[in-house]
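Please read the following note alongside the sequence and the model.

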Amino acid sequence: MRFGLDYAAGRPAASAIRAAGFDFVVRYLSEGGSALPGKILTPAEADDLRAHDISIVSNWETTAARMLDGYGAGVTDARAGLARVLRCGGRPDRPIYFSADFDATPPQQDAINAYLDGAASVLGRVNVGIYGGYWPVSRALDTGAATWAWQTIAWSGANREPRAQLFQTGRQVVVDGVECDVNETDHVDFGQWDIEPEEQDLTPEQDEILRDIQIQLRGPGLAGWPQLGDDPEGNHLTVVDALATALTKIDELRTEISDLEATTAELSSEVARLSGQHWPFPFSLIEGPATAFADGLGRLEQLLPDLPLPGWGDTPKAEQSTAPTSPIATADNRIG
């Protein structure tokens, strides 16, 4: 069983709370005005409580019957409450208990539940709690409007809601000069900010899938795959190791290919240079002059059809092919 306090008239020091034998507090997230100067939780107070290992639980209450204002009021209050939680270093995944601080009747439950619905639209249903007497608390839990419950002994008679995480006993104590209400719980999780999140157990199917993935990555017995080769120490490579080795070899191959491409380009250039019509040594010494002489002869041959030949007058050679008689008359091709 754990014992805690809620208070609004002042803020007792965390060291005094701990010395009095209490290890959690339920703190308001709303203003109390001049009448209740210690009502709203402050960041400095939250730091002091955490420093003394005192758990913090969230509550929202403005006026006693605020929940009768319905859905919209629940939205507004949940937003303000969450903002205060975060400002004081709390977590958004922890519940806020909203107060029905009066003897609520069954006809009023619809409005109360609508308020809780509005709060759920902001916080999520799993983070919505209710504070109140036995009957409104039980009805809210029955309908699923609230997931968490903080029951007060007031308006409860001898009834105790077993599903409630917190119980306000009706006993009061003075701690560090501040009058406080005493609360108790036998739940491990009663909405405190500092509880460690539970690790979700895997189903047998999920566990089998994870094991299969692990074996695929690391090999039988998690000792690597012999098919992938060995490292320098002789250990079989895992899939990740083999991939890293392959990438390294690919980089090396890319370098070799680049060098080969450069060499090929040089060879191609040299072959192109050597494949031209060049004379072997020592004839290559007269290759240039001979080429120039051959070019001159070519040009001369192009001019011959337009030049007059000796003994033919001024008629160009090209026109002599149509003459009625030819000067070449002998059978041995001598000029007659």
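Predicted model: local features only at pLDDT ≥ 70, side-chain atom pairs only at ≥ 80, totals over all residues.

Which backbone nitrogen does the side chain of Q151 reach? The points below begin with the reply.

1. The side chain of Q151 reaches the backbone nitrogen of E161, at 2.8 Å. This is a polar contact, a term for a pair of N or O atoms within 3.5 Å; within protein, one must be able to donate a hydrogen and the other to accept it, and residues adjacent in sequence count only if both atoms are side-chain atoms.

2. Residues are numbered from 1 along each chain as its sequence is written, and side-chain values use heavy atoms, with hydrogens and water left out.

3. The protein comprises 8 helices and 10 strands. Helices (H or I, at least four residues) and strands (E, at least two) are DSSP runs, numbered from the N terminus. Of the 336 residues in the protein, 34% are buried. Buried means under 20% relative accessible area, exposed over 50%, and partly exposed in between (1.4 Å probe, protein chains only).

4. Q151 belongs to strand β6, residues 148–152. Its relative accessible area is 0%, so Q151 is buried. Contact here means heavy atoms within 4.5 Å.

5. Q165 lies in the loop between β6 and β7 (166–175). Its relative accessibility is 11%, and therefore Q165 counts as buried. Beyond its neighbours within four places in sequence, Q165 is in contact with several residues, among them Y97, W148, E184, H187 and F190.

6. The loop between β6 and β7 also holds W155. With a relative accessible area of 35%, W155 is partly exposed. Its phi is near 60°, a positive value in a residue other than glycine. Most residues other than glycine have a negative phi. D53 likewise has a positive phi, near 55°; D53 is found in the loop between α2 (43–51) and β3 (55–60). D53 is exposed, its relative accessible area being 59%.

7. Two packed helices are described by the angle between their axes and the distance between the axes. Axes are lines fitted to C-alpha atoms, for helices over the stretch in contact, and angles run from 0 to 180 degrees between N-to-C directions. Helix α3 (residues 71–87) packs with α4 at about 40°, their axes 6 Å apart. That angle makes α3 oblique to α4; angles under 35 degrees count as roughly parallel, over 145 as roughly antiparallel, 65 to 115 as roughly perpendicular and the rest as oblique. Residues of α3 including Y71, V75 and L82 meet residues of α4, among them A114, Y115 and V122.

8. Helix α4 (residues 109–123) also packs with helix α5 (residues 134–143), at an angle of about 60° and with axes 10 Å apart. This arrangement makes α4 oblique to α5. Q109, N113 and L116 in α4 meet P136, R139, A140 and T143 in α5.
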